[in-house]
Amino acid sequence: MIGMRLLFLQRVIMSALLLLWVGLLHHQVVEGAYYRQKADKNRIRLVPLPASRGAVVDRHGIPLVEDQMSFELAVFPQEVDSPSLLWRQLAPIVERSTEELARAYRRGYQAPFAPVTLVHNLPPATAFLLEEKKSELPGTLVRPIPKRRYLLGASLGPVMGYLGLISEKELTRLKPYGYTIRDYVGKDGLEQMYDPYLRGHSGGLQVEVDHRGRMVRQMGYLPPQRGRQVRVSLDGRLQQFCHQLLAEQKGAIIIMEPRSGEILALVSAPTFDPNAFLDFSRRQEVRNYLRSRERPMFNRAIRSAVPPGSTFKVAVASEALQEGKITGGTHFECGGEFKLGRSVFRCWWDPGHGPQDVIRALEHSCNVFFYNTGRRLGPEGIGHAAESFGFGQKTKIDLPREGIGFIPNPSWMKTAHQQPWQEGDTLSFAIGQSALTATPIQILQLFTAIAMEGRIPQPHLVLEIEGERKGKAYEVRQLEFKKEVLERVKAGMERVVSSDSGTGRLAQLPGIPAAGKTGTAQSGKGQSHAWFAGYSPPRDPKVSFVVFLEHGGRGGAEAALLVRDMLVYLHELGYV
Amino acid sequence: MLTWRQLRGIDRPTLFITAALLGIGLLILYSASFQKAQQMGVSYLHRQMVWAAMGALIAVVLVSIDYHRWLEWAYVAYGLNMLLLILVLELGVVRGGAQRWLSVGGLTIQPSEFAKITTALVLARYLGSQRDTAGSGWKQLFGAGLLAGLPMVLILKEPNLGTASSFIPMTLAMLLVWGIRMKVLWLVVGTGIALVPVLWNFLADYQRSRLMVFLNPNLDPLGAGYTVVQSKVAIGSGGWWGKGWFGGTQNQLNFLPERHTDFIFSIVGEEWGFVGTTVCLALFAALFYRALLIATQTRDPFGRLLIVGLMTILWFHVIVNIGMTMGLMPVVGLPLPFLSYGGSWTLTCLVAIGVILSVGVRRPLYS
């Protein structure tokens, strides 16, 4: 019996051991890989090393934006024995209070092995001093950090955009492309549009840490990869000049090479300084940018949809000539007003222009001529003109958030305003009023099309990305016109500037011929918008341009004077 | 005293297994405590070697003297040990919230470890002298229960749930081999299991939380569950072959607390892999097999009971300790025989081996 009992005991004991062994087999062999991964996760940490962002240079290779090395003071938490003592030692050297240092440390602390930045933008002298005193200040580290600088400051604001910490929404979208929560990304302008090229690839240090997160040794190093350099078509000098030209005035100027669509200058005012977004001490300035009712963040050149006013007459004239609604010989008598039933529509020139053909009508910007022409075309004809010149659509310039404007039509009038389209609507439509709106870049596109015999290149800023030319990537559209159509329209536009009775005669310059069209658009309350769009020289144009002054007066006055100065500078630079 | 003939009949496999387990224990302790030794100037390895040598010496004494002598003194030893346990509660050293140690001279000893031996001794003496196996055995069950219950209550008060619970399988195994009716035994086991929820109410908060965390270590991965989580990762990440001696990242980077004592087996698993753990388990299985063989061969009921009691208590430690490192058992603080660092514990294990061998050399050799 005892033997049986011992055998029973033996079975219990051995079965328990066998069960344990099966448990080990499962835990170590079957689940081994899983636990191996967990063990690695336990001990391996990544310290990201930021890559410097690609520079942006102008058409001549002169840098507009670049990452410069700036010094910052950081500390290794695991090597600091007494933080409060260290703050007291550092405070006088870096000219910060001990509280500021302590706050920066608390805010930046991630792990014992990860350096915490205490002071950004150290003056070089301080950086060297700290480097010398390193042995007395254990755990401190002065390191060069790439810092983005917008060399032309505010003049490039809306074109370049600015950098900011990635938002939650952007992160969900961009995570698959390797973006992380600590990344700065382009928030507008070229910085946003070309962010994937500019940003480069962050490197990293792989470190092994112990249970308290202190670095034991360095395991791997992946050097950060600089972002790619982007060459844009802008001319830095011209850009700055145009920026100064607008000065306190709200508005936009765009200058383009009409054959290629390369933008030489694109400014919007008021503007903002992108450097402010990267400087913690300028956060109040940034807050003002974001809150200001003047909307400095708003790129008027490509987003502002406003009535084009008389500049639109160029499109109406071309369409009417092309469709045979008028010919070169068609005359309309301008008595200063146009009667339609019981309503009276005025020309801007009360005494009246007398008999006008299309060339004269453009020269004088005669409303009565275009009322008549508009009636012949009808709202559909005018709408077609607008559409074929690219109104109501994006020009596809390589900048984010481009506006599209609006082309009215009778059926829209019925739905939106519950009233039929009136004859009077057609008249205001024909002179670029009514509900018609367009962005400055769309107006520029219209004038480029005329200047280039119907050829519409896609406007663009980026020429090449680190040696890789982008030229072929841009589209060109061709509008077909009868030969005499463009001859007459261009003749009219040339007279706008060259004739002493032209509305744009203030832009007249000896030796620098230009063609164009002024516009003075009524827009709600306040002063009218002033437009001047055109190209130079009239034969074989080298530049096309648009000047838009938001509530800035008259196209023939304020805008024309700006164009005049601009032409002088363009001549100086050799563009015309 | 021992005759030459008897000495030649000593169970060599048991000797070999014990030496092998002690050797493995020292090697892995070296890897587990090397850093601590450097930082604090305390060499766990050297201390453990001293304890092992002392234990071996005691084992030699135990083998050479007839174990019946010890049985004669069983009640006295048991009584003294109980006094020590009471002393622990009165003026013991508190470590980690528990009062388990007595300071004697420069040494701290854990009387609860020795109670495992003296209780086995007293139970063997008591049950061995109860020759009436024809009865139902209720009386003997009651008597054994009292003898085992006293140290259990004293140890529970320290508090030390693990050690206290290890008396249960020992007593049951001894009753089984003594010859208690199976019906009675099953009834006791069944009632015990049914009483678990009642006992739950008697547990201290930390003991309950340990049991809760045992059921789900992720309840508290940084607190009570931390050790289990890290231990599971350590063992599991060892895979087939392990990361190599001194190559365990969980070990060397300090992710595993208490790794030189209760969690030494995690390091075996991490650095020597499934192969290493299998070797250890096989050695334990062989040890218990040899012990049971000796128990079968001896004709002395006292000797048989003694072996069964001591072996069961070692076995229980192996099962609970290894199960605990894998998260299969609650963390109750039972060390692993021969591998875990600890003076009292190492001595206890070697005394057990000494007694087993002592019975072994005196068994009839002609069978």
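Biologist: How many helices and strands does chain A have?

Modeller: Chain A has 20 helices and 23 strands. Helices here are DSSP runs of H or I with at least four residues, strands are runs of E with at least two, and both are numbered from the N terminus. Chain B has 16 helices and three strands. A bit of housekeeping: residues are numbered from 1 along each chain as its sequence is written, and chains are lettered from A and ligands numbered from 1 in the order in which they are written. This is a predicted model, so local features need pLDDT of at least 70 and side-chain atom pairs count only at pLDDT 80 or more, while totals for chains, interfaces and linings use all residues.

Biologist: What makes B:L121 count as buried?

Modeller: Count its neighbours. A residue is buried if 20 or more other C-beta atoms lie within 10 Å of its own, exposed if 12 or fewer, and partly exposed in between, with C-beta atoms placed from the backbone. B:L121 has 25 C-beta neighbours inside 10 Å, so buried is the label.

Biologist: Where is B:L121, and what is B:L121 in contact with, leaving aside its neighbours within four places in sequence?

Modeller: B:L121 sits in helix α6 (residues 111-128) of chain B. Two residues are in contact if their C-beta atoms, placed from the backbone, lie within 7 Å. Setting aside neighbours within four places in sequence, the contacts of B:L121 are B:W70, B:L71, B:A74, B:A77, B:Y78 and B:L306. Also, B:L121 and B:E72 are 49 residues apart along the chain, yet their C-alpha atoms are separated by 9.5 Å.

Biologist: Why is α6(B) described as largely enclosed by the rest of the structure?

Modeller: Because 18 of the 18 residues of α6(B) are buried. As for its span, α6(B) reaches 25 Å from its first C-alpha to its last, close to the 26 Å expected at 1.5 Å a residue. The expected span is 1.5 Å times one less than the number of residues.

Biologist: Which residues of α1(A) are buried?

Modeller: They are A:L6, A:L9, A:I13, A:L17, A:L20, A:L24, A:H27 and A:Q28. An α-helix has 3.6 residues a turn, so residues three or four places apart point the same way. The buried residues of α1(A) pack against α2 (32-43) of chain A, together with α9 (167-178), α12 (226-237), α14 (264-297) and α15 (301-325) of chain B. Helix α1(A) covers residues 2-30 and reaches 41 Å, close to the 42 Å expected.

Biologist: Why are α2(A) and α12(B) called oblique to each other?

Modeller: Their axes come within 7 Å and cross at roughly 120 degrees. Axes are lines fitted to C-alpha atoms, for helices over the stretch in contact, and angles run from 0 to 180 degrees between N-to-C directions. Under 35 degrees is roughly parallel, over 145 roughly antiparallel, 65 to 115 roughly perpendicular, and the rest oblique. That is why α2(A) and α12(B) get the label oblique.

Biologist: How many residues of chain B are in contact with chain A?

Modeller: On the chain B side, 36 residues are in contact with 31 residues of chain A. α14(B) gives the most to that side of chain B, with twelve residues.

Biologist: What is phi at A:N121 and at A:D540?

Modeller: Phi of A:N121 is near 50 degrees, a positive value in a residue other than glycine. A:D540 is not a glycine either, and its phi is positive at about 55 degrees. Most residues other than glycine have a negative phi, and most peptide bonds are trans.

Biologist: Which peptide bonds are cis, then?

Modeller: Among them is the bond from A:A269 to A:P270, with omega near -5 degrees. A cis bond also joins A:S536 and A:P537, where omega is about -15 degrees. A:P537 is in the loop between β22 (529-536) and β23 (543-549) of chain A.
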